[in-house]
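Here is a brief report on one helix and the aromatic rings around it. Look at the sequence and the model first, then read on.

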Amino acid sequence: TRVEKWEEDLRYIGGALDKWLEFQRNWMYLESIFTQNEIARQWPQDTKTFSTVDKQWKDLMKRVYENPSVYRVLTPASQLSEKFDAYNGQLERILQNLERKLEEKRRLFPRFYFLSNDELLEVLAQVRNPRAIQPHLIKCFDNVKALEFGGTGGSSDVLAMISVEGESVPLAKPVKSRGEVEKWLIQFEQMMFFTLRRLVKAAVQDYPRRPRRDFIFDHPAQIVLTVCQIF
């Protein structure tokens, strides 16, 4: 009957709208990621897949704009529900690949586990700008608020680490902040350990020879606290 036909069509439209909204949520999230040039360069296959889905989505939006009728666009004859099943499947695979690749980054540099997916993606999207890590340093390294960058010829070598209190501790050797961010952060972490060990060794030798007041003000606070517990 005509009523049953309407009921069937409305049920189909409701299901299609649910899938539409699910697609739109995932598309909005991924669109902000894959429009970043660095992300597209690092993950070309996923970028290509998303570009294909993105084109299909924009073609659909154009048809809807030209024919703004829910019943005409979403009836079973349009097979839109089935199309959204395929689109959502593609976006779900992209999301799974994205999660897997972020996990790989975190395994290479475990301190990335302290960052959310969005924060990590923000860092990865600006790999050519090493200073982009600055807002997230405090989550990765306890009480390291910022890095001091410098170098000759406009390079961005890491020269020192700066605490929340504003104390600057120069690194024993500059760290070149080039290439993939997780790799130069590993080098920075290693240089940080090396620097602190060297400073502790020097402070242990200096402690017996200096007045306590001079010793406290001539060495970094963390080193002073450590050495004072030794003697």
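A residue counts as buried under 20% relative accessible area, as exposed over 50%, and as partly exposed in between. Trp6 has 41% relative accessibility, so Trp6 is partly exposed. The model is a predicted one.

**The helix**

Trp6 belongs to helix α1. This helix runs over residues 2-34 and has 33 residues. From its first C-alpha to its last, α1 reaches 46 Å, close to the 48 Å expected at 1.5 Å a residue.

Which residues of α1 are buried? They are Asp9, Tyr12, Ile13, Ala16, Trp20, Phe23, Asn26, Trp27, Leu30, Ile33 and Phe34. An α-helix has 3.6 residues a turn, so residues three or four places apart point the same way.

What covers the buried residues of α1? The cover includes α2 (37-42), α3 (44-66), α4 (70-74), α5 (80-108) and α6 (117-124).

**The surface patch**

Trp6 also takes part in a nonpolar patch on the surface.

**The aromatic pairs**

How many aromatic pairs does the structure hold? There are 15. A pair of rings is described by the distance of the centres and the angle of the planes. Two of the pairs are set out here.

| Pair | Centres apart | Angle of planes | Kind |
|---|---|---|---|
| Trp20 and Trp57 | 6.2 Å | 85° | edge-to-face |
| Phe34 and Phe50 | 5.5 Å | 20° | stacked |

Planes over 60 degrees apart count as edge-to-face, and planes under 30 degrees apart as stacked. The planes of Trp20 and Trp57 stand at 85°, so this pair is edge-to-face. The pair links distant parts of the chain: Trp20 is in helix α1 and Trp57 in helix α3, 37 residues apart. Trp20 is buried, at a relative accessible area of 12%. Trp57 is buried too, at 4% relative accessibility.

The planes of Phe34 and Phe50 lie at 20°, so that pair is stacked. Here too, distant parts of the chain are linked: Phe34 sits in helix α1 and Phe50 in helix α3, 16 residues apart. Phe34 has a relative accessible area of 7%, so Phe34 is buried. Phe50 is buried at 4% relative accessibility.

**The cluster**

Which residues do ring pairs link into a cluster? They are Trp20, Phe23, Trp27, Trp57, Phe84 and Tyr87. Among them, Trp20, Phe23 and Trp27 are also on the list of buried residues in α1.

Definitions and conventions:
Residues are numbered from 1 along each chain as its sequence is written. This is a predicted model: local features need pLDDT of at least 70, side-chain atom pairs count only at pLDDT 80 or more; totals for chains, interfaces and linings use all residues. Side-chain values use heavy atoms; hydrogens and water are left out. Helices (H or I, at least four residues) and strands (E, at least two) are DSSP runs, numbered from the N terminus. The expected span of a helix is 1.5 Å times one less than its number of residues. Buried means under 20% relative accessible area, exposed over 50%, partly exposed in between (1.4 Å probe, protein chains only). Contact means heavy atoms within 4.5 Å. Patches are made of residues with over 30% relative accessible area and no salt bridge: like charges are joined within 9 Å, nonpolar side chains (Val, Leu, Ile, Met, Phe, Trp, Tyr) within 5 Å. Accessible areas come from the Shrake-Rupley method with a 1.4 Å probe; for residues, only the protein chains shown count as cover. A salt bridge is a side-chain nitrogen of Lys or Arg within 4 Å of a carboxyl oxygen of Asp or Glu. Rings of Phe, Tyr and Trp (its six-membered ring) pair if their centres lie within 6.5 Å; planes under 30 degrees apart count as stacked, over 60 as edge-to-face and the rest as tilted.
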